[in-house]
Amino acid sequence: MINIALPKGRLGEKVYSLLANVGYKCSAYDSSSRKLIFRDEQNGVSYFWVKPTDVAVYVERGAADVGVVGKDIIEDVSPDVYELADLNMGKCAMCVAAKSDWYDDTSRPLRVATKFVNVAKKYYAELGRDIEVIKLNGSIELAPILDMSDVIVDIVETGTTLKENNLKVFARIFDISARLVANKAAYKFKNDEILQLADKLSAEVER
């Protein structure tokens with residue numbers, strides 16, 4: 001039995017379809033059900049859906065053998081897991097954005113609003129720039145508009161929200177996509193099964 005943690009929402013549904021296509025269909029799965037766990041003993045697979053930011057925790061702690069998590073979360077949380085494959089889904093980028101007329105006043109610490117605190121700290125540490133982090137959980141774009149921050153570090157997909165609020169991207173930190181990750185102990189004891197799953201997914205993605 002391989003236990004797989006998937007993120008709730010559209011991405012998780014897309015990943016499940018991908019897994020089903022390569023032989024990991026779960027006969028018990030019903031997308032309209034509010035159940036959280038679905039098992040298929042005959043096919044040797046168990047799925048459960050969790051909040052996207054929690055997938056890495058379930059995998060790291062062994063509740064799941066493998067899971068699918070965004071590169072943004074991997075970079076920010078640094079979970080103790082193995083990253084096995086890029087699923088080429090949920091593509092976007094981690095960026096620095098600010099008001100269109102912003103310029104960096106290096107005489108003082110840069111005020112950075114973000115929910116990705118560790119990503120921001122690492123990025124600016126590498127640049128040698130002193131920062132003041134303002135931790136937010138939503139509507140990050142408001143911070144520079146209301147002059148609460150100089151810049152934001154956030155995920156940018158289409159850039160539409162930025163443009164509509166007179167903000168623009170000043171730096172692209174890294175690209176983001178969904179990644180297959182594995183629990184380290186499970187990778188050791190279920191190595192053949194997990195590698196087979198990873199190889200099948202990679203081959204399907206590359207088709």
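Which residue forms a salt bridge with R111? The partner is D150, and the closest N and O atoms of the two residues are 2.9 Å apart. A salt bridge here is a side-chain nitrogen of Lys or Arg within 4 Å of a carboxyl oxygen of Asp or Glu.

## Basis of the model

This is a predicted model, in which local features need pLDDT of at least 70 and side-chain atom pairs count only at pLDDT 80 or more, while totals for chains, interfaces and linings use all residues. Residues are numbered from 1 along each chain as its sequence is written, and side-chain values use heavy atoms, with hydrogens and water left out.

## The annotated region

An unreviewed UniProt entry carries the annotation "domain: ATP phosphoribosyltransferase catalytic" for residues 51-202; such annotations may be inferred rather than shown by experiment. Over residues 51-202 the chain is 34% helix and 32% strand, with the end C-alpha atoms 24 Å apart. Helices (H or I, at least four residues) and strands (E, at least two) are DSSP runs, numbered from the N terminus.

An open sheet of 6 strands has the order 2-3-1-4-11-5 and mixed pairing. Strand 2 (37-40) and strand 5 (82-86) stand at the edges, each with a single partner strand, so one side of each has no neighbour in the sheet. The twist averages 25° from one strand to the next. Two strands pair if DSSP finds at least two bridges between them.

Strand 1 (residues 2-7) and strand 4 (residues 66-70) run parallel and are joined by 2 bridges; I4 has V66 as its bridge partner in strand 4. Helix 1 (residues 10-21) packs on the sheet and touches strand 1, strand 3 (45-50), strand 4 and strand 11 (178-182), contact meaning heavy atoms within 4.5 Å. The direction of helix 1 makes about 145° with that of strand 1; axes are lines fitted to C-alpha atoms, for helices over the stretch in contact, and angles run from 0 to 180 degrees between N-to-C directions.

Strand 7 (residues 110-114) is largely enclosed by the rest of the structure, because 4 of its 5 residues are buried. Buried means under 20% relative accessible area, exposed over 50%, and partly exposed in between (1.4 Å probe, protein chains only).

Strand 7 runs parallel to strand 8 (residues 131-135), with 5 bridges joining them; T114 has K135 as its bridge partner in strand 8.

## Salt bridges

The whole structure holds 12 salt bridges. K184 and D80 meet at 2.5 Å, N to O. This pair links distant parts of the chain, 104 residues apart, with K184 in helix 7 (residues 184-189) and D80 in the loop between helix 3 (71-77) and strand 5. K184 is partly exposed at 32% relative accessibility, as is D80 at 42%.

The side chains of K99 and D147 form another salt bridge (2.9 Å, N to O). Since K99 lies in strand 6 (residues 92-99) and D147 in the loop between helix 5 (142-145) and strand 9, the pair ties together parts that are 48 residues apart in sequence.

In the pair of R111 and D150, R111 lies in strand 7 and D150 in the loop between helix 5 and strand 9, so parts 39 residues apart in sequence are tied together. R111 is partly exposed at 22%, whereas D150 is buried at 8%. Salt bridges that share partners also join K71, E75, E83, D86 and R179 into one network.
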